Amino acid sequence: MSVGIVGECVGARGPRSTTVVHMERSAQRLGRALVVIVDDRAAQGENEETAGPLVTELLEEAGFIVDGTVVVRADPVEIRNALNTAVIGGVDLVITVGATGVSPRDVTPDATAGVLDRPIPGIGEALRSSGLAAGAIDAGISRGLVGVSGSTLVVNLAGSRAAVRDGMATLSALVPYVIDELSGLDEN
């Protein structure tokens, strides 16, 4: 429990009264999240995967419970399976990292398109714009998609640490709103 000063009345002779309120600090959780890393070398154990811990840390700081990190090859079937498993598992948010660019192995957006019920192009555009402004070239040229599958928000981020950091900062104001909207689906 923490104590905070809410207000102070000030008159001609100085402070007259101070109102003190006790505030409960409970860890408000936005929901459950899953991280999907799309990286051929990491999936084969050739490289240590470093984006997963970063995304997990940023999600936890934002108030999510992270169910885990899944590492898959840049294969449309593997990516779709990971996304479908997350949606069926009832997570509120899936963040994919990697394989969003223009090379032949960058298939995350293509695989994601087959899973989405409704795209949210404005968030994808915001991620590209802010990433490019922050100097994350891979974010600026990303073909990453954002949309809804069932009641799960799916977001594709480019693979660099700069793109992940900037992308998560951009998402911080948007994701709670979308998840709140999606949680209302159960009430209708």
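These are my notebook entries on what I looked up in this structure.

**Ground rules**

I am working with a predicted model, where local features need pLDDT of at least 70 and side-chain atom pairs count only at pLDDT 80 or more, while totals for chains, interfaces and linings use all residues. Residues are numbered from 1 along each chain as its sequence is written, and side-chain values use heavy atoms, with hydrogens and water left out.

**Entry: the sheet**

I began with the strands. Helices (H or I, at least four residues) and strands (E, at least two) are DSSP runs, numbered from the N terminus. Two strands pair if DSSP finds at least two bridges between them.

In what order do the six strands of the open sheet stand? I read S4-S3-S5-S8-S7-S6, with mixed pairing. S4 and strand S6 (118–119) are at the edges. Each has a single partner strand, so one side of each lacks a neighbour in the sheet.

Next I checked the pairs. S3 and S4 run parallel and are joined by eight bridges. Valine 35 stands opposite threonine 69 in S4. S3 also pairs with S5 in the parallel sense, over five bridges. There, isoleucine 37 has valine 97 of S5 as its bridge partner. Strand S7 (residues 146–149) and strand S8 (residues 152–157) run antiparallel, with four bridges. Glycine 147 is partnered by valine 154 in S8.

Is S3 mostly covered or mostly open? I found it mostly covered: seven of its eight residues are buried. Buried means under 20% relative accessible area, exposed over 50%, and partly exposed in between (1.4 Å probe, protein chains only).

**Entry: helix H2**

I tested the length of H2 (residues 51–62).

Which residues of H2 are buried? I listed Ala51, Gly52, Leu54, Val55, Thr56, Leu58 and Leu59. An α-helix has 3.6 residues a turn, so residues three or four places apart point the same way. The buried residues of H2 pack against strand S3 (31–38), strand S4 (64–72), strand S5 (93–97) and helix H7 (161–183). Just after H2, glycine 63 takes a positive phi of about 105°.

I then picked out threonine 56, which is found in helix H2. Its relative accessible area is 16%, so threonine 56 counts as buried. Contact means heavy atoms within 4.5 Å. Leaving aside neighbours within four places in sequence, threonine 56 is in contact with Val35, Val66 and Thr69.

**Entry: leucine 171**

Leucine 171 is found in helix H7. I looked up its relative accessibility: at 3%, leucine 171 is buried. What does leucine 171 touch, not counting residues up to four places away in sequence? I noted Ile95, Ile123, Leu127, Val155, Leu157 and Pro176. Leucine 171 and isoleucine 123 are 48 residues apart along the chain, yet their C-alpha atoms are separated by 7.9 Å.

**Entry: pockets and a cavity**

A cavity is a set of points where a 1.4 Å probe fits but cannot get out. A pocket is an open set with protein on both sides within 12 Å along at least five of seven lines. Lining residues have an atom within 4 Å of a point. Grid points are joined across faces, edges and corners, and a volume is the space filled by probe spheres set on the points.

The largest pocket holds about 270 Å³. Of its 17 lining residues, the closest to its centre are Ile37, Val38, Asp39, Gly98 and Gly159.

The second largest pocket has a volume of about 150 Å³. It has 14 lining residues, and the closest to its centre are Leu58, Ala62, Met168, Leu171 and Ser172. H2, S5 and H7 each give two or more residues to this lining. The largest share, seven residues, comes from H7.

How many cavities of 30 Å³ or more does a search of the whole structure find? I counted one. The largest cavity has a volume of about 90 Å³. Its lining includes Gly124, Leu127, Arg128 and Asn156. H5 gives the most to that lining, with three residues.

Definitions and conventions:
1 Å grid on protein atoms, 1.4 Å probe; cavity = no way out; pocket = protein on both sides within 12 Å on 5 of 7 lines; lining within 4 Å.
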